[in-house]
Amino acid sequence: MNQYLLCNRNIVLRKILNTHENLYIIKDLIEAFLNIKIKHIKINEYIEENQYYLPDEENFGIVDVRIKTEENEEFNVGLLFLDGMHIQTKIALYYLYVHTNQVCYKDNRKIAKTITINFLDFPYYNSSQYHKKAILNKFRTIDFREEEAETHIIELPKFKIMSNEEITKQEQWMSYIVGEDKQLINRIKKQNKYIKQLDDEVSKFWENEKI
């Protein structure tokens, strides 16, 4: 995996992407993995404002946003890098965290469907596909079925580009996150201005910040 993106789980990308200046990077990434078009996106700032008051197991995630698609559907979307053990528990807890935070926002919003995207730096499912969409069923005493709790699991080691000539937006993002082919990444940065913008922000972060 691209080691410049890693430090204490999600801290690097969380610090970089939780800004209004970088909303279009988040928008492009979400559009790539959910295969949707977004016409409005807003950062849910509750997580940042309250992170020091949260239990440790809840203090994670890259970004939590509210989006409206071109079809006028509204969703909450959370992004998370996962490591370690108890993966199913972490996926369920993160979904629950992002979904239930809706009641804490003070903008009179309606409760909307939540979608989480989880990136894993190791193989997890017994299949060759790197991108799996799942609907959470039940976790301990919590029944997710009424919400149709949608989550996406992205297994980075399984990623392979099918054609170097025609690279999809999702393959562009996957190539950058995996970070193995530097020559390909340089080409992708010329094709996708948001990946280049993120790469510049990451470089700037490591020049100026100590963790």
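Predicted model: local features only at pLDDT ≥ 70, side-chain atom pairs only at ≥ 80, totals over all residues.

Colleague: How is the packing of two helices described?

Modeller: Two packed helices are described by the angle between their axes and the distance between the axes. The axes are lines fitted to C-alpha atoms, for helices over the stretch in contact, and the angles run from 0 to 180 degrees between N-to-C directions. Helices (H or I, at least four residues) and strands (E, at least two) are DSSP runs, numbered from the N terminus. Here, helix H2 (residues 23-34) packs on helix H5 (residues 169-178) at about 115°, and their axes are 8 Å apart.

Colleague: Which word describes the orientation of H2 to H5?

Modeller: That angle makes H2 roughly perpendicular to H5. The convention is that angles under 35 degrees count as roughly parallel, over 145 as roughly antiparallel, 65 to 115 as roughly perpendicular and the rest as oblique. H2 and H5 also have a left-handed crossing; a crossing is left-handed if the near helix is turned anticlockwise from the far one by less than a right angle, and right-handed if clockwise.

Colleague: Which residues of H2 and H5 make the contact?

Modeller: Contact means heavy atoms within 4.5 Å. From H2, the residues are Ile25, Asp28, Leu29, Glu31, Ala32 and Phe33, and from H5 they are Lys169, Gln170, Trp173 and Met174. By class, the contact of H2 with H5 comprises six nonpolar, one polar and three charged residues. In this scheme Ala, Val, Leu, Ile, Met, Phe, Trp, Tyr, Cys and Pro count as nonpolar, Asp, Glu, Lys and Arg as charged, and the others, Gly among them, as polar.

Colleague: At what angle do the axes of H5 and H7 cross?

Modeller: The axes of H5 and helix H7 (residues 193-208) cross at roughly 20° and come within 11 Å. H5 and H7 are therefore roughly parallel to each other, and their crossing is right-handed. In this contact, Gln172, Trp173 and Tyr176 of H5 meet Tyr194, Ile195, Leu198, Asp199 and Val202 of H7. The residues where H5 meets H7 divide into six nonpolar, one polar and one charged.

Colleague: How do H2 and H7 pack?

Modeller: H2 packs on H7 at an angle of about 125°, with the axes 9 Å apart. That makes H2 oblique to H7. The crossing of H2 and H7 is left-handed. Tyr24, Ile25 and Asp28 represent H2 in this contact, and Tyr194, Gln197 and Leu198 represent H7.

Colleague: Let us turn to single residues. Is Gln172 buried or exposed?

Modeller: Burial is judged by relative accessible area: buried means under 20%, exposed over 50%, and partly exposed in between (1.4 Å probe, protein chains only). Gln172, which lies in helix H5, has 9% relative accessibility and so counts as buried. Leaving out residues up to four places away in sequence, Gln172 touches Ile167, Ile188, Gln191, Asn192 and Ile195.

Colleague: What does the side chain of Asn118 contact?

Modeller: A polar contact is a pair of N or O atoms within 3.5 Å; within protein, one must be able to donate a hydrogen and the other to accept it, and residues adjacent in sequence count only if both atoms are side-chain atoms. The side chain of Asn118 makes such a contact, of 2.7 Å, with the side chain of Thr151. Asn118 belongs to strand S4 (residues 113-120) and is buried, at 0% relative accessibility.

Colleague: Which polar partners does Asn76 have?

Modeller: The side chain of Asn76 makes a polar contact of 3.3 Å with the side chain of Arg66, and also reaches the backbone oxygen of Ala112 at 3.5 Å. Asn76 sits in strand S3 (residues 74-82) and is buried, with a relative accessible area of 0%.

Technical notes. Residues numbered from 1 in each chain as written. Heavy atoms only, no water.
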